[in-house]
Amino acid sequence: MENYDNSLWKQASGKNFGAVLITGATSGIGRALAWKFASLGANVILNGRDKAKLDEISGNLTREFGNEVMTLPFDVRDRKAATAAVESIEGKWKNIDVLINNAGLVLGVDKEYEVNPDEWDTMIDTNIKGLLTLTRLVVPEMIKRGHGHIFNIGSIAGDATYPGGSVYCATKAAVKALSDGLRIDLVDTPLRVTNIKPGMVETHFSITRYHGDKDKADAVYAGLKPLTAEDIAETVSFIASAPAHVQIAEVLLMPTNQATGTISYRGK
Ligand code: NDP
Ligand code: 8X3
């Protein structure tokens with residue numbers, strides 16, 4: 001019988017990951033993932049659109065943990081730039097053991113028939129097509145090496161649509177479908193696929209949704225203790241550290257006072 005005591009998980013999490021490629025690493029969950037995997041000794045490759053921010057985070061990680069960090073600035077919606085960037089990776093960085101498709105966003109709270117088409121393009125191109133682009137670029141090499149774990153950052157929003165979230169929720173339902181599809185397509189390989197589905201996490205996410213209106217963003221989390229980006233990073237590292245025969249397919253995690261995408265308790 002397999003031993004599931006703490007020491008096994010601790011031992012596994014102490015292993016040396018190869019490279020870990022994280023998209024959208026300049027903020028929130030992506031940045032917390034960068035810190036977590038760097039602290040575990042991984043060679044982290046950080047993607048984002050803001051080169052200066054990536055350089056700052058990379059410098060901080062090297063100072064804190066001594067790791068060399070690779071930055072890979074590009075917009076995940078730009079397939080040409082993504083292809084050129086991934087193809088430029090050399091040496092130890094080429095052995096990507098973990099791909100974390102995290103870059104994503106929500107814009108607005110409009111009704112489906114009123115959403116600005118530019119905003120639906122941005123959400124669909126980032127949350128769905130950006131994820132597909134990175135999957136297409138990284139997974140074939142993982143198959144060749146017989147090793148790899150793909151994490152897609154989905155959402156509770158992909159399980160049930162809520163008012164004012166139609167397009168965003170559709171993109172996260174697509175993330176679930178694409179994660180399930182990839183798991184099916186990889187069933188005859190040692191690769192693993194996990195869809196992480198957080199509820200409320202306090203990051204820049206709601207500020208982006210409300211186009212910079214911090215008061216509206218703060219109101220989303222008022223009266224309860226939301227998840228932190230670090231909670232998500234801990235969950236991902238735990239799953240990545242599981243023994244090779246264990247594939248955690250999906251995780252739905254929420255603040256204790258959230259029950260569904262629309263039901264939460266905020267005190268009296
Ligand atoms: P943040 O806004 O804090 O971070 C989003 C990150 O994605 C930023 O680094 C952002 O960079 C990056 N990004 C956005 N568009 C692109 C792009 N086209 N190319 C490259 N990078 C891009 O939000 P979160 O950390 O909360 O969001 C991370 C993921 O988690 C998203 O997929 C989101 O949908 C998901 N999620 C978030 C939840 C929450 O409540 N916060 C709950 C469930 C899921 P830039 O600064 O350049 O925009
Ligand atoms: C983020 C969670 O419920 O705010 O995906 O859409 S929610």
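**Note on the ligand sites and the sheet**

1. A backbone N or O atom of V76 lies 3.0 Å from a nitrogen atom of ligand 1, a polar contact being a pair of N or O atoms within 3.5 Å. The structure is a predicted model, in which local features need pLDDT of at least 70 and side-chain atom pairs count only at pLDDT 80 or more, while totals for chains, interfaces and linings use all residues. Residues are numbered from 1 along each chain as its sequence is written, chains are lettered from A and ligands numbered from 1 in the order in which they are written, and side-chain values use heavy atoms, with hydrogens and water left out.

2. A polar side-chain atom of D75 is 2.8 Å from a nitrogen atom of ligand 1, and one of Y168 is 2.6 Å from an oxygen atom of ligand 1. On its own ligand 1 has 890 Å² of accessible area, of which the protein covers 91% (Shrake-Rupley method, 1.4 Å probe).

3. The shell around ligand 1 numbers 27 residues, the closest being T26, S27, R49, Y168 and T203; a residue is near a molecule if one of its heavy atoms lies within 4 Å of it. By class, 10 are nonpolar, 13 polar and 4 charged; Ala, Val, Leu, Ile, Met, Phe, Trp, Tyr, Cys and Pro count as nonpolar, Asp, Glu, Lys and Arg as charged, and the others, Gly among them, as polar.

4. Around ligand 2 stand S155, I156, A157, Y162, Y168, G199 and F205. Oxygen atoms of ligand 2 are approached by polar side-chain atoms of S155 at 2.5 Å, Y162 at 2.5 Å and Y168 at 2.6 Å. The protein buries 86% of the 240 Å² that ligand 2 exposes when taken alone. The shell of ligand 2 has 5 nonpolar, 2 polar and no charged residues.

5. An open sheet of 7 strands has the order β3-β2-β1-β4-β5-β6-β7, with parallel pairing. Strands are DSSP E runs of at least two residues, and helices H or I runs of at least four; two strands pair if DSSP finds at least two bridges between them. Because β3 (70-73) and β7 (250-253) stand at the edges with a single partner strand each, one side of each has no neighbour in the sheet.

6. Strands β5 (residues 149-153) and β6 (residues 192-198) run parallel and are joined by 5 bridges. F151 stands opposite T194 in β6.

Notes: A polar contact is a pair of N or O atoms within 3.5 Å; within protein, one must be able to donate a hydrogen and the other to accept it, and residues adjacent in sequence count only if both atoms are side-chain atoms.
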